[in-house]
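Hello,

Here is the structure for your files. My notes follow below.

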Amino acid sequence: MDEQKQAIDVTNEQRMEKIEMLLSEQTVHNKKMLRSSHTHTVIMLVFVAVIIIGLFVLNTTLVEATRELPAMLKSITALTDTATVTVGELGKIDFDVLNLSIKSLETIIRPLAEVIGVLG
């Protein structure tokens, strides 16, 4: 009976040693997991901070852009109105009379150009 009891005690000791070894391995693993969890938390906080700052900058940019938008639209409207008036005035030009005037000017300038060419 003593031998049986000793065999059971040895078996129980081996089991306890194995359990203690597993517990120490689990403790090491848990410490690594905790460290990893802290690292992931810090990375996530930095990521969220960058996104919040980016959204703030984007919002500021959009506010500035929309603040100038009405003035730009008025300027474009004024430019379009001016172009419309100018195109309408171009339609009033009598190109036949303009061509005749250019030919008359050429006949007047040609002798003067020849005189200047001789002197020059």
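Arg110 and Glu106 join their side chains in a salt bridge, 2.6 Å from N to O. (Salt bridge: a side-chain nitrogen of Lys or Arg within 4 Å of a carboxyl oxygen of Asp or Glu.) The two residues sit about one helical turn from each other, because they are four residues apart in helix H2 (residues 95-119). Helices are DSSP runs of H or I, at least four residues, numbered from the N terminus. Arg110 is partly exposed at 48% relative accessibility, and Glu106 is partly exposed at 41%. (Buried is under 20% relative accessible area, exposed over 50%, partly exposed in between; 1.4 Å probe, protein chains only.)

This is a predicted model: local features need pLDDT of at least 70, side-chain atom pairs pLDDT 80 or more, while totals for chains, interfaces and linings use all residues. Residues are numbered from 1 along each chain as its sequence is written, and side-chain values use heavy atoms, without hydrogens and water.

The structure has two salt bridges. Arg67 pairs with Glu64, with the closest N and O atoms 2.8 Å apart. Both lie in helix H1, three residues apart, about one turn. Glu64 is partly exposed at 38%.

Ser24 is also in helix H1 (residues 2-90). Its relative accessible area is 40%, so Ser24 counts as partly exposed. The Ser24 side chain reaches the backbone oxygen of Met21 at 2.8 Å. From Ser24 to Val97, 73 residues along the chain, the C-alpha separation is 107 Å.

Ile52 is in helix H1 and is exposed, at 52% relative accessibility.

Best wishes

Conventions. A polar contact is a pair of N or O atoms within 3.5 Å; within protein, one must be able to donate a hydrogen and the other to accept it, and residues adjacent in sequence count only if both atoms are side-chain atoms.
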